[in-house]
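Visitor: Hi, I've got a structure to look through today. Could you walk me around it?
Guide: Happy to, let's open it up.

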Amino acid sequence: FTVTNKGKSPLAIRRLWVPEGEGITVNANKTEIKRGKRATVTVSVDTSCIEGELLNVPLTLLCNDPDASHLTIRLVGIIDKK
C-alpha cells in the first residue's frame, strides 16, 4: 500500500510494527516523505507461521503527523495452505 504526504512538512515514518511471531514483515521504501510525495509499504506474510486459515493482525504506523501520529491498519486475509 502507499502512504501519501498531503501536509505542508515532511512526513516521517518512525515505526511500522506488527506483533512478533505472526510471520509478517513490513518495510517502507522511504522513512521520510516529502510534501506531495508518497512511500510504498510492503507487507510480506510467511503463511507457515500462521495457525488456521485466517489472517487478522494489526499493523501500527507511527509518524510525526500532529493529527494522526498513531494509526492502526488491520491486515485481514484468507490463507490457502494447499
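Visitor: Let's start with F1: is F1 buried, partly exposed or exposed?
Guide: This is a predicted model, and in it F1 is partly exposed, because its relative accessibility is 39% and that class runs between the cut-offs of 20% and 50%.

Visitor: Where does F1 lie relative to β1?
Guide: F1 lies in the segment before β1, and that strand covers residues 2-4.

Visitor: Moving along to T2 and V3, which strand are they in?
Guide: T2 lies in strand β1, and V3 is found in strand β1 too.

Visitor: And how about their exposure, buried or exposed or in between?
Guide: T2 has a relative accessible area of 44%, so T2 is partly exposed. V3 is at 13% relative accessibility, which means V3 counts as buried, since the buried class is under 20%.

Visitor: Changing topic, how much space lies in the largest pocket?
Guide: About 300 Å³. The pocket is lined by 19 residues, and T4, N5, L11, C63 and D65 are the closest to its centre.

Visitor: Which strands supply at least two residues of that lining?
Guide: β1, β6 (54-63) and β7 (70-78) each do.

Visitor: And which one gives the most?
Guide: β1 gives the most, with three residues.

Visitor: What's the lining like by class, nonpolar, polar and charged?
Guide: The lining of the largest pocket has 10 nonpolar residues, six polar ones and three charged ones.

Visitor: Okay, now W17. Where is W17 found, and how exposed is that residue?
Guide: W17 is found in strand β2, which spans residues 11-17. Its relative accessible area is 35%, so W17 is partly exposed.

Visitor: How far apart are the C-alpha atoms of W17 and L61?
Guide: They are separated by 6.6 Å, although W17 and L61 are 44 residues apart along the chain.

Visitor: Zooming out, how many helices and strands are there?
Guide: Zero helices and seven strands. Read along the sequence, the pattern is β-β-β-β-β-β-β.

Visitor: And what box do the C-alpha atoms fill?
Guide: Roughly 45 × 20 × 15 Å, taken along the principal axes.

Visitor: Last one: what share of the residues is buried?
Guide: Buried residues make up 24% of the 82 residues in the protein, and V3 is one of the buried residues.

Key: Residues numbered from 1 in each chain as written. Predicted model: local features only at pLDDT ≥ 70, side-chain atom pairs only at ≥ 80, totals over all residues. Heavy atoms only, no water. Helix = DSSP H or I, 4+ residues; strand = E, 2+ residues; numbered from the N terminus. Buried < 20%, exposed > 50% of the residue type's maximum accessible area, 1.4 Å probe, protein only. 1 Å grid on protein atoms, 1.4 Å probe; cavity = no way out; pocket = protein on both sides within 12 Å on 5 of 7 lines; lining within 4 Å. Points joined across faces, edges and corners; volume = space filled by probe spheres on them. Nonpolar A, V, L, I, M, F, W, Y, C, P; charged D, E, K, R; others polar.
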